Every structure is written in C-alpha cells, then in structure tokens.
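This report covers the overall build of one protein chain and then the setting of a single residue. The sequence and structure come first.

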Amino acid sequence: MRLQYYSDEEGESVIGLWVPKRECFIDVTDQEEQLWTCMLPGAASKKMRKEIETWISQGAPKGVPVDMDGLVVSSALHVLPGTIACLGKSYAAHAMEFSGDAPTEPSIFLKAVSAISSDLEEVLRPVGSAKLDYEVELAVILGDTLKNATEEEAARAIVGYTLMCDYSERAFQLERGGQWTKGKSYESFAPFGPVLVTKDEIHDPDNLVLTLKVNGEIRQQDTTASLIWPVAKLVAYVSQFMTLNPGDVISTGTPSGVGHGMTPPQYLQPGDVVEFGCDKIGWVRQHVVQDTAD
C-alpha cells in the first residue's frame, strides 16, 4: 500500500490511499485505525490487509478521490513519533567526506519531533544560517516495540518505508559546541515523504536507489546496498541503546555528495530547489526559504 497524508486549512489530517486502477489517491481518512492495524504483524492484520488489497485491486469501489482543494501534502508519517533516531556515517563514502575513515560502529543522533515538516513544499533556512546542507535518506517506520532486538526481530517490526531529507545546518552542528542535534532539529529539517510505502511493496530495502538534486543537478545518487550495515541490522543496533516504540522512525543515513563535502563546499541558498526521491517511493520537491526571527 501507498499512503499519502495531507493537512487542511484547520490542520486536520486527510489520508489518501493510492489505487493504481484509478490512478489517484482515495480518501480513507475514516479508516485510519484499520489501516494502521493491517500494517502490524499477526494473523488478524494479515486478513485485514488482504481485504484492503482486494478492494484496491477492484479499483476501490465507492471510494472517493481525495479533494485537494485547501489541502497541502504533509509528512508521510501516520502518527507523531516519540523518537526520530538517525544514523550518521552509515555509508562509507559519506563517512570519508567528513573524517576520511569508515566507522566500526554507526553514529546515532536524535532529531527533534518539531523538525517534522507540516508542508513538504518548503524548507526553512534558519536565521543566522550560512551552511545549510542536505542529506537524502531511507526512513523506516516501526510498528512494534524493540529493545535489544535481533536483526530478525527488527525486520518483523518494520511496517513501512518513506524518505527523509536530513537537513543540517553545519555551523550549528559542528562549530557551536554540543551534539549534532543542535544542527539537525530546526523547524522543517525533517521532511518525510512523499508517501508511506508498506513493507510488502518493498521486498529488498537494501537495494534502493536514492537520488537528490539541487536546482536540477544530481548531487547524491547511490543505492542502499552501499550501506555499511543492512537496514534491519541498523534498526536492531539502535534498539541496543533505547527502547523503540510503534510509530518511531529510524533514518538510515545518507550517501556521499553532501554540500559540506564538496570543494569548495556548496551550501543551500534561499530560492534553491531541492528534489529527493526513489523510484519505489516517489519524489519530493522543496524550495529553500529564508526564515525570519518572528
């Protein structure tokens, strides 16, 4: 299944379910609980998922297309996560852009939940920012609690995938003291989208091509096969250090090609257009906008 989330003018959520036969998203907002249930492990959810898949294959009889009037595409997360855990330097080539060495263990940092974008059209350049950067990443959505999980347990707990651009203000991150979170958590720095794709549609998350463009120029392009550790192993690794709960997100790290690693560095400027995507998930197009002190 492919789910897209929208916000209306009052901030209320609208959920769209992609129906290939009709080439549109059908409004399934009133079925939110059933949709979440069918993504979870277990026999009951498997039966419900089969019923929904049959309905989709039949063209979603009586289903009404999402009315886009007054809506904006919002984060592809079905619930607000308690934790956004991010992996740093999990691609060897990206690690070399920073330190010159591939790590023996992944780095972990957290993004503030307030960084999640409510509107996927814009990314805000912070007041005082001079080194705004981009990082396209595969993000994993969990449907079960994990604590000291095995790789197999982590794989079972995954309910779906989306993309995140891990926007980073490098001066805040590297030159202002403290941990990376300081440069990773500004409002709009965690856009998830364009859709949530359930794991039954992505059979091999370790072989997805991720691409990011700035003003039409490809800056990042690599496959998740280049991750130093497989996706499920990364999720299990994070669960050694914190308990992960349903709805939590693990962002698996970024390939090489970030602006900070270029010579000279190429940081984002107001007016720039960032596009990031994956053929299995879709594409997001954002404009960089200068934020104000208000």
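## Contacts and basis

In the protein chain, 75% of the contacts with a separation of 6 or more are between residues 24 or more positions apart; contact means heavy atoms within 4.5 Å. The model is predicted: local features need pLDDT of at least 70, side-chain atom pairs count only at pLDDT 80 or more, and totals for chains, interfaces and linings use all residues. Residues are numbered from 1 along each chain as its sequence is written, and side-chain values use heavy atoms, with hydrogens and water left out.

## Overall build

The protein chain has seven helices and 17 strands, which are DSSP runs (helices H or I, at least four residues; strands E, at least two) numbered from the N terminus. Its radius of gyration is 19 Å, close to the 19 Å from the globule rule for 294 residues, so the chain is as compact as a globular protein of that length. The radius is taken over C-alpha atoms, and the rule is 2.2 Å times the number of residues to the power 0.38. Along the principal axes, the C-alpha atoms fill a box of roughly 55 × 45 × 30 Å.

Of the 294 residues, 51% are buried, that is, under 20% relative accessible area with a 1.4 Å probe, protein chains only.

## His78

His78 sits in the loop between strand E4 (72-73) and strand E5 (84-88). This residue, His78, is buried, at a relative accessible area of 11%. Neighbours within four places in sequence aside, His78 contacts Tyr5, Glu32, Trp36, Ile141, Leu196 and Gly247.

Technical notes. Buried < 20%, exposed > 50% of the residue type's maximum accessible area, 1.4 Å probe, protein only.
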